[in-house]
Amino acid sequence: MAWGAKTTATQLTSITTEQLFDQTPTLNPRESAHCRVEVDFPTSPTDDAVISVYGSLDGSEWSATPLMSLVLDKDTDPNSIDFVVTGVYQFRIGVKRSGTTDTLTSADLAFRKDGVSV
């Protein structure tokens, strides 16, 4: 096994409704991706950040229901969350606020795929 190069997505800004990162990694059988999302909250936030992962069989149609959703607590410092995605052909990640009060300032995504020698 060998970790691939770190890949970053284009930063999301002014997040209210769900925004999706521009990276849609494809995983080979038995590969996984270590992902990190960092969120910049406004001053004195009331809403948490909700990070959702969606799968696709071919990159043309995406599941309407996330494979997983994670909540990044507004009080977490630093404001980042790590997770592993595995067992899907392709995936994408979205970020939104948990309530209706705040606009999340920005969000960043970075990931590394774990290449498995078959």
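This is a predicted model: local features need pLDDT of at least 70, side-chain atom pairs count only at pLDDT 80 or more; totals for chains, interfaces and linings use all residues.

Residues are numbered from 1 along each chain as its sequence is written, and side-chain values use heavy atoms, with hydrogens and water left out.

**Confidence**
- The protein chain has a mean pLDDT of 93, and 97% of its residues reach 70 or more; pLDDT is the predictor's confidence in each residue, from 0 to 100.
- Among the chain's elements, β4 has the highest mean pLDDT (98), while strand β1 (residues 2–3) has the lowest (78).
- Elements are DSSP runs numbered from the N terminus: helices are H or I with at least four residues, strands E with at least two.

**The sheet**
- An open sheet is built from 4 strands in the order β4-β9-β6-β7, with antiparallel pairing.
- At the edges sit β4 (19–20) and β7 (68–72), each pairing on one side only.
- Strands count as paired if DSSP finds at least two bridges between them.
- β6 (residues 49–56) and β9 (residues 90–97) run antiparallel and are joined by 8 bridges; Ser52 has Gly94 in β9 as its bridge partner, and Val53 stands opposite Ile93 in β9.
- β4 also pairs with β9 in the antiparallel sense, over 2 bridges, and here Gln19 stands opposite Val95.
- Since 6 of the 8 residues of β9 are buried, β9 is largely enclosed by the rest of the structure (buried means under 20% relative accessible area, exposed over 50%, partly exposed in between, with a 1.4 Å probe and protein chains only).

**The largest pocket**
- This pocket holds about 200 Å³ of space, the volume being the space filled by probe spheres set on grid points that are joined across faces, edges and corners.
- On a 1 Å grid over the protein atoms alone, a pocket is an open set of points with protein on both sides within 12 Å along at least five of seven lines, where a 1.4 Å probe fits; lining residues have an atom within 4 Å of a point.
- Its lining includes Lys6, His34, Arg36, Asp82 and Phe111.
- β5 (32–40) and β10 (104–115) are the elements giving two or more residues to that lining, and β10 gives the most, with 5 residues.
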